[in-house]
Amino acid sequence: MIAGGAEQNAHVLAATGDVDGLADYIDGHRDALEEERMVGPALSGVPLHAAVYQHQTETVAFLLTRGANVNARASVGHTHYTFQDDHSDAGRGRGSYHGLR
């Protein structure tokens, strides 16, 4: 469990920048990189989107080395490239997961 009792999953680990925990989670869950969950208000995507949304640059780099799909699209049609541009101020200094489940 993550602080506050949140369920441990690849999205929460990516959003919080827990690269070590994410590595362990991915090793035990083959489909973790492709699983879609909420990454922001009314927005779902893969763990890569969660890391981008929370400005976790080291986590983004880690996910890419582990084979995250750079062309994966969030529920609004964004890839992580356009998602980063459109949400450049999102999450900065907020210290929350923005509804990750």
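## Gln-56

Gln-56 counts as partly exposed because its relative accessibility is 22%; buried means under 20% relative accessible area, exposed over 50%, and partly exposed in between, with a 1.4 Å probe and protein chains only. Gln-56 is found in the loop between α3 and α4. Helices (H or I, at least four residues) and strands (E, at least two) are DSSP runs, numbered from the N terminus.

Leaving aside neighbours within four places in sequence, Gln-56 is in contact (heavy atoms within 4.5 Å) with Ala-14, Ala-15, Thr-16, Gly-17 and Ala-51. Gln-56 and Asp-18 are 38 residues apart in sequence, and their C-alpha atoms are 9.3 Å apart in space.

## Basis of the model

This is a predicted model, in which local features need pLDDT of at least 70 and side-chain atom pairs count only at pLDDT 80 or more, while totals for chains, interfaces and linings use all residues. Residues are numbered from 1 along each chain as its sequence is written, and side-chain values use heavy atoms, with hydrogens and water left out.

## Overall layout

The protein chain has five helices and two strands, in the order α-α-β-β-α-α-α from the N terminus. Of its 101 residues, 45% count as buried. Among contacts between residues at least 6 apart in sequence, 59% join residues at least 24 apart.

## The largest nonpolar core

A nonpolar core is a set of buried Ala, Val, Leu, Ile, Met, Phe, Trp, Tyr and Cys residues joined through side-chain atoms within 4.5 Å. The largest one holds 24 residues, of which Ala-14, Leu-22, Ile-26, Leu-48, Phe-62 and Leu-63 touch the most other members. Two or more residues each come from α1 (10-16), α2 (19-28), α3 (47-53) and α4 (57-65). The most come from α3, which gives five.

Not counting residues up to four places away in sequence, Ala-14 touches Leu-22, Pro-47, Ala-50, Ala-51, Gln-56, Thr-59 and Leu-63.

The buried residues of α2 are Gly-21, Leu-22, Ala-23, Tyr-25 and Ile-26. Their cover includes α1 and α4.

The axes of α2 and α4 come within 10 Å and cross at roughly 25°; axes are lines fitted to C-alpha atoms, for helices over the stretch in contact, and angles run from 0 to 180 degrees between N-to-C directions. The two helices are therefore roughly parallel to each other, a term for angles under 35 degrees. Val-19, Leu-22, Ala-23 and Ile-26 of α2 make the contact with Glu-58, Thr-59, Phe-62 and Leu-63 of α4.

Conventions
Angles under 35 degrees count as roughly parallel, over 145 as roughly antiparallel, 65 to 115 as roughly perpendicular and the rest as oblique.
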